[in-house]
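Here's a quick briefing to read with the structure open beside you.

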Amino acid sequence: MSVGVLRYSRPNAEIRGLVSRLLSRPEWEALAAFSGAGRAPGEALADALRLLERTAYASIATELLRAGPTINTAERAVEGTLVDAFWRISGLLPGPPGALIEEMARRLELDNLKVILRGVARRQPAAQIRPLLTPLGRLGRLPLEEPLRAENVPAVVEALSGTPYGRVLRHALPRFQREDSLFALEVALDLDYYRRLWSVGAALPGADRELALRLMGVQYDLLNVEWIIRFRLIYRLSPEEIFNYTLPYGYRLRDDDVRRAASADDLAALAAALPEPYRGLLAPVARAPDGLDRAGIVLHRHQVGVARRALTGYPFHIGVAIAYLWLKEAEVHDLKALFEGLRYGQPPEQIVAATWGVA
Amino acid sequence: MWTPLPMLRVELLALDRDFGVLTERLGRLGVLHLLPVAQLGDWADNLDWPEAAALAADYDSLVRRLDGVLAGLGLPRPEQGADVPVTPADVLGRASARLAEIEPSVERLLQRERLLDDEQAQLDLIAAQLELLRPLGISLADLGRLTFLYMAAGLVPQKNLARLAESLQPIPHALVPVRAVDGRVLLFAFARRDDADVLEHALRGAFVEKIAVPATFTGTPEEALTEVAAQRRQLAGRRAALGAERAALRTHYGAELQRLWREVALNRQAVVAWRQAGRTERTRLLAGWVPRDQWPALARDVSDATAGRAVLEEVAPRPPGARGEEGAANGQAIPPPPTALRNPPPFRAFESLVRTFGVPDYWALDPTPLAAVLFVLMFGAMFGDLGQGAVLALAGFLIASGRLGYGQRDFGVILGGCGLSAMVFGLLYGSVFADEHLLPALWLRPIEHIQFFIQLAIGFGALAVSLGLILGILTAWRRRDLSAFSFGPNGLAGLWLYWGLIALLALALSGSLNVPLAFLLVGVPLLLIYLHAPLSRALGWGEHRALEATYYVEAGVESFDLVIRLISNTVSFLRIAAFALSHAGLGITVVTLATMLQGVPGVSPLVLILGNALIVLLEGLIVGIQALRLQYYEFFTKFLAGRGVPYQPFTLAARRRERG
């Protein structure tokens, strides 16, 4: 216990401070209220940003308003706050805990890589792809210029040959070339990344290891469920193939559960094949017309709930950092959902329905 | 030597029919630095020549095609410098037509070669896959004839193997890993024929790269590899035949293609020059800069080439601060003349040092001689050692004469100069190969007179900074920039301020300072610099936009910054003393170590040699960088903006003529 106190007392205090600066529910409701049919998206966005000037997003909101905001620049700016959060938290935690946080941040780099692959596959010029990338700042270690300027996907893979992603992409490239689909590359990247993340978590000492793997196990369960839903019910892949596309780690989800779920023909059967609490989460949305859309949302909301619970109780452990970053990520997702909702003039209820952390 | 080569601006109007011959003569003469006609002023706006741009584009395309054909036949690009007339339209037509006749033969050859390459790649791929299977002494044909089992072979990423095995749990199967290959495992997977689909899906999910050997290959992998080797030999034979065909084409067309290339390259250079020109219906206008001493030769050649039909005008450039045609006071100014430095051989090598900072503009002074002297002086002072200096001087001589390295003459001369300077200072310091006991010091040993040496270094710094400011004043005068000359931080006020600060320090140290004197020495020049812009406006010197309130705040900060900068620039020269002392200290270390190891046979001389080598290489590099830094930052910034345009005359020769 004493080691945890020594290691986490200052980080815990800082993280609690950061948690307190997350948006509150009244602030969310006020933000969502700026939508409404008949308003120009730019106007609604500007109003939303003026409200954000009274929150922890004040500096980026002011900057956006001065430069003339667009949905794209607003989304990149809030993503930048997530990057800052990762940077700040990793700086607070030296050694293996900091390494875990840094590895968690790599997922943003992975997302950028997928954006580049998609852009290059569609033959978009670098100038069109670059604005879609999350600004990683000091966290970015991947040289992106060469992949951005690649003429085709194999050239992107070639450009990444000296990086941690090079080998896994090279092995998946023949499938891409046969099927002319990025699916193989993206799945290969995801599997490789999450396996690596798990190994970093497993390298934590003592109680941190147990707690981190428990939290990550929940995350991996949710990822596996989400992927099974997508691969089975949307892409209609075979159970054997789906099995290979899932992560071999988790908290409650076992291989037999994965097999059964991967053999289901509809969302209801899939939910029934899962253990609790996932069965209970999906059952209410299983028979809804938009069940597939809402399934992902309920899973992420569950993750947010897990994060909030992790912030209660004994505070001097890695779980506080992981939980805060999950909450921050959910908030960034929700802000982006808000901006998209403002773009399309969606009513507040519809915007809130798409969020992870607000409801 | 102290100023760039004087230039004249030339405007040349010639008839259309004379322009080809004229271009050729100008190109052979190689003295005219072209100026785009559009930059002559508003009056030249309607004189653009779009056909020249189109012709240049056609030539680019032709050169690419020619390059392709030459490369296809394995012929080198010839050196330029053909002695052919400049007739771009004619050459373009003729060369295009001839190339259209030759290209198809070459293209057919290349096409067959590409097909051969594809076949080769296919064979290589099959061979690579068979190599993987080589350790298995099984018949490929037998593997393909299994009755009850379904088999697939491939490479699976090592990390995916466990998950693949798990995914196949529901069906009877066998996974036989054979060996590891580059992070993947060669795997044979077996399942019942009925479960073939399940196996295939699982393999797909595990990113297995299947190995597919064509059915034409039977027998064991070893036997199949023998077949592949035979096919490879056949391919080699066909490739040799293509090579012979290429040699025949080369013999037949080689000389002609290279002659064509030279003609095209020369005319292309002419057309590129034409893009700078203007035109009316019957005439062509060319403008540029020519060294004043070359003007008679240019005028003579132009008259000769055009039988006196051309009109040639020359205009002397005016400083930017002067009123008149060139003056900035008239709004859009014609770009300043290009800069051609003209230093005698000992200093010429140091022009590269100046150019690395930036090409001096035409109106600036050429600091090369001063830069040469200061650089070698500073280097020598920081690296004073007779023996080590001799090593550097020898290396410099060998490099400059081409005996060591190639094409680094300037560097060799600079290194040689530094070496000689180091030798001189070595004699003054009494140091030879790091040993200060072999020679008497003709002057002093830095390590024994540290304080004096420090004072000397700062004194030298004050001298260098003063020299820089004086050059800044002279440059402002050449540019007729009275504002910068008088009130600028690098002008008279700046020099007054600097010498005032030095005098202030001296008076303060001697206890003779009083406030009125301090104000006169420092306060007055600082005030002039602070009020630089409003004073210049009031006197009508130069263009100064209407002053905003923020000007006074900014000027205050800049004036304060100037004082700090002048002091720090001077103190920066302390590093001369610091590196001289560290050089001496390193030498003492080496000699002491060698002395301590005298009892061990052979080691002491080795320590001396290696130690000296380390000092020459490491400290030589560091000292060189420091001398360069002092020169660039503390000295050049006082007078050199480095925004000049280098003199690059239009030439049709293979090499530009060097200025003698």
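Let's start at B:Ser572, which sits in the loop between α19 (549–571) and α20 (574–596) of chain B. Keep in mind that this is a predicted model.

- B:Ser572 has 10% relative accessibility, so it counts as buried.
- Its side chain makes a polar contact with the side chain of B:Glu634, at 3.4 Å.
- Setting aside neighbours within four places in sequence, B:Ser572 is in contact with B:Arg629, B:Leu630 and B:Glu634.

**Where chain A meets chain B**
- On the chain A side, 25 residues are in contact with 20 residues of chain B.
- About 2,000 Å² is buried between chain A and chain B, with carbon and sulfur atoms giving 49% of that area.
- Three residues stand out here: A:His171, A:Glu240 and A:Asn244 supply 31% of the area that chain A buries against chain B, more than any other three residues.
- Between the two chains there are 14 residue pairs in polar contact, both partners being at pLDDT 80 or more.
- Which elements give two or more residues to the chain A side? They are α10 (166–179), α11 (183–202), α13 (239–244) and α14 (255–262) of chain A.
- Of these, α10(A) brings the largest share, seven residues.
- By class, the side of chain A that touches chain B has 11 nonpolar, four polar and 10 charged residues.

**Salt bridges between the chains**
- Five salt bridges are counted between chain A and chain B.
- One pairs A:Glu241 with B:Arg204, where the closest N and O atoms are 2.8 Å apart.
- The side chains of A:Arg259 and B:Glu166 also meet in a salt bridge, at 3.2 Å from N to O.
- A:Arg259 lies in helix α14 of chain A and B:Glu166 in helix α5 (residues 161–167) of chain B, so this pair joins two chains.
- Buried or exposed: which is A:Arg259? With a relative accessible area of 17%, A:Arg259 is buried, while B:Glu166 is partly exposed at 30%.

**Salt bridges within a chain**
- Over all chains, a search of the whole structure finds 56 salt bridges.
- In chain A, A:Arg130 forms a salt bridge with A:Glu145, the closest N and O atoms being 3.0 Å apart.
- That pair links distant parts of the chain: A:Arg130 is in the loop between α7 (126–129) and α8 (145–148) of chain A, A:Glu145 is in helix α8, and they are 15 residues apart.
- A:Arg130 is partly exposed at 34% relative accessibility, and A:Glu145 is partly exposed at 39%.
- A network of salt bridges links A:Glu75, A:Arg76, A:Glu79 and A:Lys336.

**Buried spots**
- B:Gly278 is in strand β7 (residues 278–279) of chain B, and counts as buried at 0% relative accessibility.
- B:Gly278 and B:Asn46 are 232 residues apart in sequence, yet 8.5 Å apart in space, C-alpha to C-alpha.
- B:Leu495, in helix α16 (residues 492–510) of chain B, is buried at 8% relative accessibility.
- Not counting residues up to four places away in sequence, B:Leu495 touches B:Ser466, B:Leu469, B:Ile470 and B:Ile473.
- In helix α2 (residues 25–32) of chain A, A:Trp28, A:Leu31 and A:Ala32 are buried.
- Seen down the axis of α2(A), these buried residues fall within an arc of 95°, so they line one face of the helix.

Terms used. Residues are numbered from 1 along each chain as its sequence is written. Chains are lettered from A and ligands numbered from 1 in the order in which they are written. This is a predicted model: local features need pLDDT of at least 70, side-chain atom pairs count only at pLDDT 80 or more; totals for chains, interfaces and linings use all residues. Side-chain values use heavy atoms; hydrogens and water are left out. Contact means heavy atoms within 4.5 Å. Buried area is the accessible area (1.4 Å probe) that two parts lose on being put together, summed over both. A salt bridge is a side-chain nitrogen of Lys or Arg within 4 Å of a carboxyl oxygen of Asp or Glu. A polar contact is a pair of N or O atoms within 3.5 Å; within protein, one must be able to donate a hydrogen and the other to accept it, and residues adjacent in sequence count only if both atoms are side-chain atoms. Helices (H or I, at least four residues) and strands (E, at least two) are DSSP runs, numbered from the N terminus. Ala, Val, Leu, Ile, Met, Phe, Trp, Tyr, Cys and Pro count as nonpolar, Asp, Glu, Lys and Arg as charged, and the others, Gly among them, as polar. Buried means under 20% relative accessible area, exposed over 50%, partly exposed in between (1.4 Å probe, protein chains only). The arc is that of the directions from the helix axis to the C-beta atoms.
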